[in-house]
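The points below are meant to be read with the structure open, and they move from the whole chain to the interface and then to single residues.

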Amino acid sequence: MKDLLNVSSSPHVRSKDTTAMIMYDVALALFPALVFGVYRFGFYALLVVVISAGTAVAAEYAFQAATGQRITVSDGSALVTGLLLGLNLPPEVPLWIPVMGSVFAVIFVKQLFGGLGQNFMNPALGARCFLLISFAGLMSNYPVDSVSGATPLALLRAGKEVSVRAMFMGNIPGCIGEVSTFAILLGGGYLVIKKIIPIWIPTAYLGTFVIVIFLFSERGRDIFYLAAQLCGGGLMMGAFFMATDYVTSPVTKKGQMMFGVLLGILTGVFRLSGSSTEGVSYAIILGNLTVPLIERISIPAAFGREKKRIQGENRLKIKKDAAVLCSITLIAGLILGGIYQITKIPIEKQRKETVVRTCQAVCPEGKTFEAGEQLSRALSEAASLFENGEFGSVVINQALEAKDKMGNPAGYVISVTSKDGFSGEITLMVGFSPSEPVLITGMEIVQLNETAGMGMRADEEEFKVQYKGKPASKLFLTKQLASAENEIDAISGATITSSAVNNAVNAAIYFLHTYIKAGT
Amino acid sequence: MDWTFKGGIHPYGGKKLTKESPVKELLPEGDMVYPLSQHIGAWAKALVKKGDYVKMGQQIAKAEGIVSADIVSSVSGTVKAVEERTVPSGDRVNSIVIENDGQYTPIDGLGKERDYTGLSKEEIRGLIKEAGIVGLGGAGFPAHVKLAPKNDEQIDYVIVNGAECEPYLTSGYRMMVEEPQKVIGGLNVILRLFDRARGVIAIEDNKPEAIKRIGHLVQKEGRIEVRPLKTKYPQGAERNLIYAVTGRKINSSMLPADAGCIVNNVDTVIAVYMAVCRSTPLMERTVTVTGDAVKEPGNFRVKIGTSYAQVINAAGGFKTEPEKIISGGPMMGTALYSLEVPVVKTSSAILCMTKDEVLQEEPGPCIRCGRCVKACPENLVPQRMMECVEQNNMEEFARIQGMECCECGCCTYVCPAKRPLTQAFKLAKRVIAKERRRRKEG
């Protein structure tokens, strides 16, 4: 017999489950979403996720080695963070994006706050929001096979129809791991069945979200709209994999339900009245910040102490904390969601100033711009002009006559909106010279919601400048280098945007000739 | 549907090692050690001194104060010394050491049959007190105190705790299977004290044989029923058992009697039967000797005072070198550093393990998974309690009801980060209790 028996405090047995096993189970649950993402977006998407996960693990190792801590990368937590971040990236981001994101997630969000268990914010989401804010263009460009597309949520906001079935299966543009609701539910279901994540968070979250949309959206009574909102964006990924992150969610059942409800409200408010179509990441991060407060008010009564506990001072304290929590939700919701509404008036003022500036840009000779009686009449008759659809779905918004300093005619400015943009309307202004031969003096984009890096390039000088000096007769797009006088180089990879813009310009030219010039 | 409580865990049972092994009588050799503290409350006072001759069944120490218990010699022989000895809890306790003469000479009248129906309540309580009976489940609360609540009339349940939820332990099971009539006899004696009460024998549903045998016998008994309980640890913890059986809740500051209940473990009820009906005081108890390091795991009827080493020898000794030896079950038992400790009234088992699971994994940081919250049968938040202990914030620990912890060990068992939660809570509870006593006195 050994001289020394082991002595320790009870209990002397332990369950087989370890932190690492839980983490690897979560990683396993992410597998369906990853496989689908790679199937849909190709090998490059896999590269993005692998680099993201690899960098996260390497960053944790490097930080712990550099600060002389125990190396704990084998617990799998960094791997999960890296995987989650990678799956939350668009499929064709440059590879330095996942590298930068993972380093930020592991070192700034997690390790600097004390490492595993100490971070107050989900590292993957923290990094995603950091990337979204810093590199908005790259982070909101969702190409499929290199062709940019609007996400279903953007289409929904623009009032267009989307296919719920495609959204459920994942045949839509979006982030690598977020597109397929089916794949996410597969992994989420696995975690629920294995009791790794509490079912309360996703059910309270999604349930509250549906109620908010049902009550406050004009289309909330439409079952397909509700389903599309549920399957769209990062909601499913967020509800099953982000909101359930142990470290940044409450530990009690009551707390988990409160947390879910809070996230549902915030996401609903952000989606309905925020300036961005997505709200999940910010809702969860904001929710993470309220977790310590939720924990304080959700301590359950001990067995046999149910009656005595909620009394006197304690009761007051809980009420106070609950009030604080409610006001945080309310204020945050109002500020973040309502900011769009509040800023409407200043934006309108600015818009008017912009109109004058744009007019001057397209018609440099002009000093004042006025819609005379004759022009207004022409405008009212113009509505029927484009019914035949030659220029697609276009509307002439404004026709202005430019005068120079001396009050002499300096040309015309016509504002046109085409509804044929890739993600909704495109509004632009075209300037014309006052006398024959009529030339285009300039073209400026006023409103453009196209895909970053693709359609958005219509607002680049390189494209716009092509119109300057062109004769005011019908112009044609070409994909080769423009050689003839009436040819314009289309934006590569954004054919729809290019032709919408060109149609709008041609509509302006047509309007000019038919009404203004004909009338004078 | 079986009766149960909220929370709890399902650890590896380990009961099949000894479940089918009948209880064997173990006759000790050499010195017997009787610590003066084998119960909760004040130490007993020795009635014998060095050189005295004592008979089997003779009282050798007397209860001092209200909560205390008598001690009876389980052998005949000569008192060798009254000195400090190590007890299974690791403490050093003043003990009576008797050199066993091997004759087992009894005192007069030992073992005489007695008809309890002719006795008054006071006489029954007196017999139980003289027999030195305490709660044999592990707590060691003196039985005569427990059986004398302020008001007999308020007791409507007398519960026999046959849950035996601790893994590996089968001593209670064996006794229920082998001596069911003694269990029922003891319960009938206790029921005699409480006219309004009915008896419930609560047994976890992983012991169908015990449920069957006792169930068969109680058919004749009007006041007694068998209640199968869901198999879950800690089903046999007093507060959870009362809730499972009656739906009533008690907290740490209440006694079972406050919920109209009296709860006794199987061996205790048998001891009551033996003391009242057979004139036999508490001299022996059933001990499960088990674990993968033991050659022939089994159950033994062991005389109190026998050394642990002898009990293990009776089970064939070790087949492999043990790494950890536990007095009691794996969930709430005490790890031993020596086998030269005596079997005391509360020694329910000796568990010898070749592997120390506690050493298998190093504790890591809390990931707030909430498993401890789900497992806690007291509806506490161990995760938050641990934070309080780490920050030495005892006030907050008490505010979030940390003192309600029953130290069952569920939170520590389920913790994937292998954090020593229960250990921290035991410490915190004692620190707070000490501080409260100091304030009360000062």
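A residue is called buried here when its relative accessible area is under 20%, and exposed when that value is over 50%. The model is a predicted one, and the points that follow should be read with that in mind.

1. The cut-off applies directly to B:Leu136, which is buried because its relative accessible area is 1%. B:Leu136 sits in the loop between helix H1 (121–130) and helix H2 (143–146) of chain B. Once its neighbours within four places in sequence are set aside, B:Leu136 is in contact with B:Asn265, B:Asp267, B:Thr268, B:Ala271, B:Leu282, B:Arg285 and B:Lys345.

2. Turning to chain A as a whole, its 520 residues include 53% that are buried, and the chain has 21 helices and nine strands. Along the principal axes, the C-alpha atoms of chain A fill a box of roughly 110 × 55 × 40 Å. Of the contacts in chain A with a separation of 6 or more, 68% are between residues 24 or more positions apart.

3. Does the length of helix H5 of chain A agree or disagree with its residue count? The helix covers residues 96–110, and at 1.5 Å a residue its 15 residues should span 21 Å; the end C-alpha atoms are 20 Å apart, which agrees. An α-helix has 3.6 residues a turn, so residues three or four places apart point the same way.

4. How much area do chain A and chain B bury between them? The value is about 4900 Å², with 54% of it on carbon and sulfur atoms. On the side of chain A, the residues that lose the most area to chain B are A:His12, A:Arg14 and A:Phe303, which together account for 18% of what that side buries. The contact draws 43 residues from chain A and 64 residues from chain B.

5. For the polar side of this interface, the rule finds four salt bridges between chain A and chain B, and 23 residue pairs in polar contact, both residues being at pLDDT 80 or more. One of the salt bridges joins B:Arg368 to A:Glu295, with the closest N and O atoms 2.9 Å apart. The elements giving two or more residues to the side of chain A that touches chain B are helix H1 (19–29), helix H15 (280–297), helix H16 (306–309) and helix H17 (312–342). H1(A) gives the most to that side, with three residues.

6. Helix H17 of chain A also holds A:Leu334, which is exposed, its relative accessible area being 57%. The C-alpha atoms of A:Leu334 and A:Ile213 are separated by 16 Å, although the two residues are 121 residues apart along the chain.

7. Two cis peptide bonds deserve a check by eye. In chain A, the bond from A:Ser10 to A:Pro11 is cis, with omega near 0 degrees, and A:Pro11 lies in the segment before H1 of that chain. In chain B, a cis bond with omega of about -5 degrees joins B:Tyr233 and B:Pro234, and B:Pro234 is placed in the loop between strand E11 (224–229) and H6 of chain B. B:Pro234 is also among the contacts of B:Asn240, together with B:Phe5, B:Gln235, B:Pro377 and B:Glu378, leaving aside neighbours within four places in sequence. B:Asn240 belongs to helix H6 (residues 238–246) of chain B and counts as buried because its relative accessibility is 0%.

8. A:Lys195 has a phi of about 60 degrees; it stands in the loop between helix H10 (181–193) and helix H11 (200–216) of chain A, and at 60% relative accessibility A:Lys195 counts as exposed. B:Ser279 has a phi of about 55 degrees and is found in the loop between helix H7 (266–277) and strand E13 (284–290) of chain B, where B:Ser279 counts as buried at 13% relative accessibility.

Note on methods
Residues are numbered from 1 along each chain as its sequence is written. Chains are lettered from A and ligands numbered from 1 in the order in which they are written. This is a predicted model: local features need pLDDT of at least 70, side-chain atom pairs count only at pLDDT 80 or more; totals for chains, interfaces and linings use all residues. Side-chain values use heavy atoms; hydrogens and water are left out. Helices (H or I, at least four residues) and strands (E, at least two) are DSSP runs, numbered from the N terminus. The expected span of a helix is 1.5 Å times one less than its number of residues. Contact means heavy atoms within 4.5 Å. Buried area is the accessible area (1.4 Å probe) that two parts lose on being put together, summed over both. A salt bridge is a side-chain nitrogen of Lys or Arg within 4 Å of a carboxyl oxygen of Asp or Glu. A polar contact is a pair of N or O atoms within 3.5 Å; within protein, one must be able to donate a hydrogen and the other to accept it, and residues adjacent in sequence count only if both atoms are side-chain atoms. Buried means under 20% relative accessible area, exposed over 50%, partly exposed in between (1.4 Å probe, protein chains only).
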